[in-house]
Amino acid sequence: MKAVVITSPGGPEVLKIQEVEDPQIKDDEILIKIAATALNRADTLQRQGKYPPPKGDSEYLGLECSGTVEAVGKDVTRWKIGDQVCALIGGGGYAEKVAVPTGQVLPIPSGVSLQDAASFPEVACTVWSTIFMTSKLSSGETFMIISHLVNWQNLLGNQVNEMTDSYMCYIQIHGGSSGIGTFAIQMAKCLGVKVFITAGSEEKLAACKELGADVCINYKTEDFVTRIKEETGGKGVDVILDNIGGSYFQRNLDSLNVDGRLFIIGFMGGTVTQVNLGCLLARRLTVQAAGLRSRSAKNKAQIVREVEKNVWPAIAAGKVKPVVYKYFPLAEAAEAHQMKAVVITRPGGPEVLKLQEVEDPQIKEDEILIKIAATAINRADTLQRQGEHPPHKGESEYPGLECSGTVEAVGKDVTRWKIGDQVCALIGGGGYAEKVAVPTEQVLPIPSGVSLQDAASFPEVACTVWSTIFMTSKLSSGEMFLIHGGSSGIGTFAIQMAKCIGVKVFITAGSEEKLAACKELGADVCINYKTEDFGTRIKEETGGKGVDVILDNIGGPYFQQNLDSLNVDGRLFVIGFMGGTVTQVNLVCLLARRLTVQAAGMRGRSAKNKAQIVREVEKNVWPAIAAGKVKPVVYKYFPLAEAAEAHQLMESGKHIGKILLA
């Protein structure tokens, strides 16, 4: 038969479909000709070499399947050849056939297709065994589902109908809208439970609401503990189902009611944490954790019987429905495992940006893998899209020069960061994706008081402004500083940072709305470049002296006027050429007033230089953010799939501050 084989631990590309031996059944097993299987997070971990199958189980991926009985062992009485079934399995779903203990086999639920039935066994057995059999969730209680991960369930099949070859399908798991989440919402509502969920976008929250969730919390913009307390009159929820682990452990405990139960089924946020155990005793809390794969055959059989007795009737009644996102052929298992990224399909306008399935990035020994929560749009991204600013050798081909998110993997030489840490990072590319590999020394902690999502607005602007104006041009207290484009992401950050150290700030902007925004951030002199000559205004405001430092992204057209606007020993730093690179200049002022002109970008710097800048930013800028003196200025959030619309807004020039993909 054919099966998908892990040829070596690694990314999706290591999955290859090969000819393998047929499985042999034991006396108490049946042989299923597979119609479909589902992709679960455990499959991606096994592919990476982190989650091997238990002894005696198939070496091939796939923890659930549906199909037709092709053979039965001599001790099997319930099933016969030709029966259509689905099953909970310890492995082997990514194949054309699998041997399954008869106690782990279920009939196809009434009203569900053979292929979609593969979406139920793993999630149904996980949710029923944890939340209902163990945590005893019951009618009238409150239930919280926490799962911030996109988790795909892929169905791999053999023969579905006369027109379809073998295929794979997956279910999308978005926090509460995960495979586990979508099932748990529906099942809990069947029993009269009030359901709380977390998810990371309005689209995902809406999907959960549609399935019946009562309270939908965007974990990127809200503190779920606070919201739960508000919704429950300060009591908390009765049961929490969590796959984050360490980073959420204390907050989960704080969110539970008296006699509350926390059930952990995964550790996406790491396994090590600090906790205050006092609440366990004070509120009689129970914490339990378990997986499904490593349970004994006897235990699995018991769970399967309970699922058939309690869950299958709800499915047959149409109260619980399969939620299937996409189908893949068996031969495209690698594609089903791949992440999504925004791809520049050809040089051009915003319309060339397309969200596509791509291979996961592979980390080096000194890198971490970040599961991205948000990335920011920068002018360099629009240039790269047009074919004018390609990534440097060795960097990701996808746009995105900064991001925030959660550490998903670490290289063997990484000591500071661990799986589950929430971080932001300066990157050479790859932010417009679900994951990115980043050198450890370009990674920063999330600044105190800033949300995970908004933290993506800081790395590029902080590193650019600090390295140019402070590290190089040595802007200091008491000096005067001009920022062109004061309402940009660079500008809004530079205003705040300069005011922190006692600098008089001048800005230029093109509308009264933008001037007002800059004034609100602390700018002292706001000049509308469309109605005023900035050089004349600067001379008036400085008694004819000029400013000490200018940060400019216009280039050619402003070059002479910038020089004329500088004080003795003034410094001009150019970080862009939006107005062009060629101009005529009278150089005499350089000598007459001892002026310095410098120019640099961030993307082309060496990893060593970037690491040095990042260290300086953490040392000097992060305390100002933590103190509330520098705040994120975010104009609008877009889903990753709407990168083209985000680029249109960037190029319109209507925004103030940063634009984020989150």
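In the predicted model, strands β25 and β26 run parallel and are joined by 5 bridges. Within this pair, leucine 482 has phenylalanine 506 of β26 as its bridge partner. Strand β26 spans residues 504–509 and is mostly covered, with 5 of its 6 residues buried. Strand β25 covers residues 480–484, and the loop between α12 and β25 contains lysine 474. The phi angle of lysine 474 is near 55°, a positive value in a residue other than glycine. Lysine 474 has a relative accessibility of 54% and therefore counts as exposed, the cut-off for this class being over 50%.

A positive phi also occurs at aspartate 569, where the angle is about 65° although the residue is not a glycine. Aspartate 569 belongs to strand β29, which comprises residues 566–574. Its relative accessibility is 37%, so aspartate 569 counts as partly exposed; this class lies between the limits of 20% for buried and 50% for exposed.

Packed helices were examined next. Two packed helices are described by the angle between their axes and the distance between the axes. Helix α12, residues 459–472, and helix α13, residues 489–500, have axes that come within 9 Å and cross at roughly 55°. Helix α12 is therefore oblique to α13. The crossing of these two helices is right-handed. On the α12 side, the contact is made by Val461, Ala462, Thr464, Val465, Trp466 and Phe470. These residues meet Gly489, Ile490, Phe493, Ala494, Met497 and Ala498 of α13. By class, the residues of the contact between α12 and α13 comprise 10 nonpolar and 2 polar residues, with no charged residue.

A further element is an open sheet of 5 strands. Its strand order is β6-β3-β4-β5-β7, and the pairing is antiparallel. Strands β6 (97–101) and β7 (105–107) stand at the edges, and each has a single partner strand, so one side of each is left without a neighbour in the sheet. From one strand to the next, the twist averages 50°. Strands of a sheet pair through backbone hydrogen bonds, either parallel or antiparallel.

Leucine 591 is located in helix α17, which consists of residues 588–592. With a relative accessibility of 74%, leucine 591 counts as exposed, because the value is over the 50% limit. Leucine 591 and alanine 317 are separated by 274 residues in sequence. In space, their C-alpha atoms are 86 Å apart.

Note on methods. Residues are numbered from 1 along each chain as its sequence is written. This is a predicted model: local features need pLDDT of at least 70, side-chain atom pairs count only at pLDDT 80 or more; totals for chains, interfaces and linings use all residues. Side-chain values use heavy atoms; hydrogens and water are left out. Axes are lines fitted to C-alpha atoms, for helices over the stretch in contact, and angles run from 0 to 180 degrees between N-to-C directions. Helices (H or I, at least four residues) and strands (E, at least two) are DSSP runs, numbered from the N terminus. Angles under 35 degrees count as roughly parallel, over 145 as roughly antiparallel, 65 to 115 as roughly perpendicular and the rest as oblique. A crossing is left-handed if the near helix is turned anticlockwise from the far one by less than a right angle, and right-handed if clockwise. Contact means heavy atoms within 4.5 Å. Ala, Val, Leu, Ile, Met, Phe, Trp, Tyr, Cys and Pro count as nonpolar, Asp, Glu, Lys and Arg as charged, and the others, Gly among them, as polar. Two strands pair if DSSP finds at least two bridges between them. Buried means under 20% relative accessible area, exposed over 50%, partly exposed in between (1.4 Å probe, protein chains only).
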